[in-house]
Amino acid sequence: MDAVVLVGGLGTRLRSLISEVPTPMAPVGERPFLDILLEDLLRSSAITRVVLAVGYKHEVVQNYFGAQAYGRDVIYAIEHEPLGTGGGIRNAIAHTKSDEVLILNGDTLFQIDVEAMVKQHRQQQAELTMALKPMRDFERYGAVNTESSRIVGFEEKRYREEGLINGGIYLVNKDILNQPFLETAELPHKFSFETDFLQPHVQKMQVHSFISDGYFIDIGIPEDYQRAQRELNEVVAA
């Protein structure tokens, strides 16, 4: 199975700390965050090939990883202009070969059991399975509503004592964006996978949850980027 990692964002939230490289290439200790993410991801034998959806300063990523990482081929889906998460996914999926594709955000590490997620996705005949993280006392993220395992809706960011958040990992059928209910005009060249596609259409598809309480960090804000400096290398080595 191929994995797509979204690495094409401009990284504006970390610009005060990191300006020379894309956010996923921000150094954590002596290594780029993306290197740590791929090491953790590619422990899974389910992933045989990686497509990096690159854009801003893509040469930095290509020069670092080349054609292989951790024994897997690396393909580059280059965005010559920002495409948003949806446009980036559509561009990258065109470079994949597998019928199912694992999609990850390049600035977030969420440790899940990939093989278990794949097994559940197939058992439930899902079109999309989203990895969810249980959280307590949070306001930075929106919440995801479920009924049994099925995802039925999303709530805006606000303070919550507890809830489930989108962990930024999706297992999708390769044709996920070719839905019969979609008109071409609904998905422009640049769009958000979450806001423009998933949220308005979630109840028209078989979208299921895979809940995991594994380690989670999003380095997109300075506070968590600093936390990554203290934690990440030990977490991945464990």
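Val51 has 0% relative accessibility, so it counts as buried. The cut-off for that label is under 20% relative accessible area. The model is predicted. Val51 is found in strand E4, which covers residues 49-54.

Which residues does Val51 touch, leaving out those up to four places away in sequence? The contacts are Ala3, Val4, Val5, Ile75, Ala77, Ala92, His95 and Thr96. His95 is 44 residues from Val51 in sequence. In space, the two C-alpha atoms are 7.1 Å apart.

## Overall dimensions

The protein has six helices and 14 strands. Its C-alpha trace spans about 45 × 40 × 35 Å along the principal axes. A compact globule of 238 residues would have a radius of gyration near 18 Å; the protein has 17 Å, which agrees.

Buried residues account for 53% of the 238 residues. Contacts between residues at least 6 apart in sequence were also sorted by separation: 73% of them join residues at least 24 apart.

## Surface and charge

The protein carries 23 positive and 34 negative charges. Their mean positions are 1 Å apart.

## Nonpolar cores

In soluble globular proteins, nonpolar side chains tend to be buried together. Here the largest nonpolar core holds 51 residues. Leu34, Leu52 and Leu102 touch the most other members. Helix H1, residues 33-41, gives this core its largest share, six residues. Another core lies apart from it and has 29 residues, including Ile93, Ile176, Leu177 and Leu187.

What does Leu34 touch beyond residues up to four places away in sequence? Its partners are Val5, Val7, Pro24, Met25, Leu52, Val61, Phe65 and Gly106.

Is H1 largely enclosed or open? Eight of its nine residues are buried, so H1 is largely enclosed by the rest of the structure. The buried residues are Phe33, Leu34, Asp35, Ile36, Leu37, Leu38, Asp40 and Leu41. Two aspartates, Asp35 and Asp40, are on that list.

Helix H3 runs over residues 84-93. Its buried residues are Gly86, Gly87, Gly88, Ile89, Ala92 and Ile93. Ala92 is also a contact of Val51. Ile93 belongs to the core of 29 residues. Which elements do the buried residues of H3 pack against? The strands are E1 (2-7), E4, E6 (72-78), E7 (100-105) and E12 (160-173). Helix H5 (193-201) is a further partner.

Lys57 is not a glycine, yet has a positive phi of about 50 degrees. Lys57 sits in the loop between E4 and helix H2 (58-65). Its relative accessibility is 29%, so Lys57 counts as partly exposed.

Asp137 is not a glycine either, and has a positive phi of about 50 degrees. Where does Asp137 lie? Asp137 lies in strand E9, residues 128-138. At 52% relative accessibility, Asp137 counts as exposed, because that label applies over 50%.

Notes
Residues are numbered from 1 along each chain as its sequence is written. This is a predicted model: local features need pLDDT of at least 70, side-chain atom pairs count only at pLDDT 80 or more; totals for chains, interfaces and linings use all residues. Side-chain values use heavy atoms; hydrogens and water are left out. A nonpolar core is a set of buried Ala, Val, Leu, Ile, Met, Phe, Trp, Tyr and Cys residues joined through side-chain atoms within 4.5 Å. Buried means under 20% relative accessible area, exposed over 50%, partly exposed in between (1.4 Å probe, protein chains only). Helices (H or I, at least four residues) and strands (E, at least two) are DSSP runs, numbered from the N terminus. Contact means heavy atoms within 4.5 Å. The radius of gyration is taken over C-alpha atoms; the globule rule is 2.2 Å times the number of residues to the power 0.38. Lys and Arg count as positive and Asp and Glu as negative; His and the chain ends are not counted. The place of a charge is taken as NZ of Lys, CZ of Arg, CG of Asp or CD of Glu.
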